[in-house]
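Q: I would like to learn how to read a structure like this one. Please give me the general idea each time, then the case at hand.

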Amino acid sequence: MRGDDPRHEAMFSYITPESRVRADHPLRPIRRMTDAVLARLSPRFDRLYSTMGRPSIPPEQLLRALLLQMLYSIRSERLLVEELDYSVLYRWFVGLSLDDPIWDATTFTKNRDRLLAGDIADAFFAEVVAAIQADGLMSDEHFTVDGTLLEAWASQKSFKPKGADQPPPDDPKNPTVNFRGETRRNDTHASTTDPDARLYKKSGGQAAKLAYLGHLLTENRHGLIVDTAVTAASGTAERDAAIVMLGELPFDHAARHRRGRQVVRHARVRRRGPPDGHHAACRGVGGPTRRQRD
């Protein structure tokens, strides 16, 4: 006998989001650790907000939502808000009930500067690393420093000669530019929209792009990221960032070797480009590669 397919449009629900999430879901231990870290950061949140006016969206909920975006690789904040609206799992993790309204995507834009200016993101990461270290999940013997290319939000057309008078564009929004026969280098050119971005390529045969370099310091025993850094793109940025991040490790041996390069022996830099600086490892963490030499 075929069953009916009724449309249930009940007005009330007596099941909480907590009961909808299974007990062994991977987000449960992450939620417990996140709540403990946010509780320790609560005094810092108080200093960022005024004591007058209407209550804002709790910064704890914004940070949990951004953490969800990273864990599930949600491509945009607008899509994140959309999924928060109908996902019971996401509502439970952020701390929203089924009846709470979802804020607009521009809320992240308005609050991002406040959280970054207060170093909340760095403090949150530091608290998580400290909790991992307290649980004995971090080794102090072997680390890996790896870099990746971060493309800048600047077009190739904005990369112009320094101090040169430019003719008025034929189209202010999308001018015609001809780079044929022109040698463009970071020491002679700069982007007019993002002066800190540098022309860089990952390896030979690939197109050079305006970019930065992101670096991750990973503990090898459990594969945990213990430090991050963003630097200007250059042929030596990866090894320079490795020395700095290793010197800031919360271990006794890092403090002993902070002033010397002996700390470099605890790191292994993983390269994607041609390792023509491999034999220079004794002078640092690898030498300059063919990716770029200014």
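**Reading the model**

Q: Which element gives the largest share of the lining of the largest pocket?

A: H7 does, with 9 residues. A pocket is an open set of points on a 1 Å grid over the protein atoms alone, where a 1.4 Å probe fits, with protein on both sides within 12 Å along at least five of seven lines; lining residues have an atom within 4 Å of a point. Helices (H or I, at least four residues) and strands (E, at least two) are DSSP runs, numbered from the N terminus.

Q: What should I know about the model itself?

A: This is a predicted model: local features need pLDDT of at least 70, side-chain atom pairs need 80 or more, and totals for chains, interfaces and linings take in all residues. Numbering starts from 1 along each chain as its sequence is written, and side-chain values use heavy atoms, without hydrogens or water.

Q: How many residues line the largest pocket, and which lie nearest its centre?

A: There are 38 lining residues. Met 70, Ala 121, Asp 122, Phe 125 and Thr 228 lie nearest the centre. The pocket volume is about 1700 Å³, taken as the space filled by probe spheres set on the points.

Q: Which helices and strands each supply at least two residues of that lining?

A: The helices are H2 (27–48), H3 (59–71), H6 (106–117) and H7 (120–134). The strands are S1 (143–151), S5 (209–219) and S6 (224–232). By class, the lining has 27 nonpolar, 7 polar and 4 charged residues. Asp, Glu, Lys and Arg count as charged, Ala, Val, Leu, Ile, Met, Phe, Trp, Tyr, Cys and Pro as nonpolar, and the others as polar.

Q: At what angle do H2 and H7 pack?

A: The angle is about 145 degrees, and the axes are 10 Å apart. Axes are fitted to C-alpha atoms over the stretch in contact; angles run from 0 to 180 degrees between N-to-C directions. H2 brings Met 33, Thr 34, Val 37, Leu 38, Arg 40, Leu 41, Arg 44, Phe 45 and Leu 48 to the contact. H7 brings Ile 120, Ala 123, Phe 124, Glu 127 and Val 128. This contact (heavy atoms within 4.5 Å) has 10 nonpolar, 1 polar and 3 charged residues.

Q: Is Arg 91 buried or exposed?

A: Arg 91 sits in helix H5 (residues 88–94). Its relative accessibility is 5%, so Arg 91 counts as buried. Buried means under 20% relative accessible area, exposed over 50%, partly exposed in between (1.4 Å probe, protein chains only). Beyond its neighbours within four places in sequence, Arg 91 touches Leu 84, Asp 85, Leu 96, Ser 97, Leu 98, Asp 99, Asp 100 and Ile 102.

Q: What is the phi of Ser 73?

A: Most residues other than glycine have a negative phi. Ser 73 has a positive one, near 55 degrees.

Q: How far apart in space are Ile 243 and Val 145?

A: They are 9.5 Å apart, C-alpha to C-alpha, and 98 residues apart in sequence. Ile 243 belongs to helix H8 (residues 237–247). Ile 243 is buried, at 18% relative accessible area.
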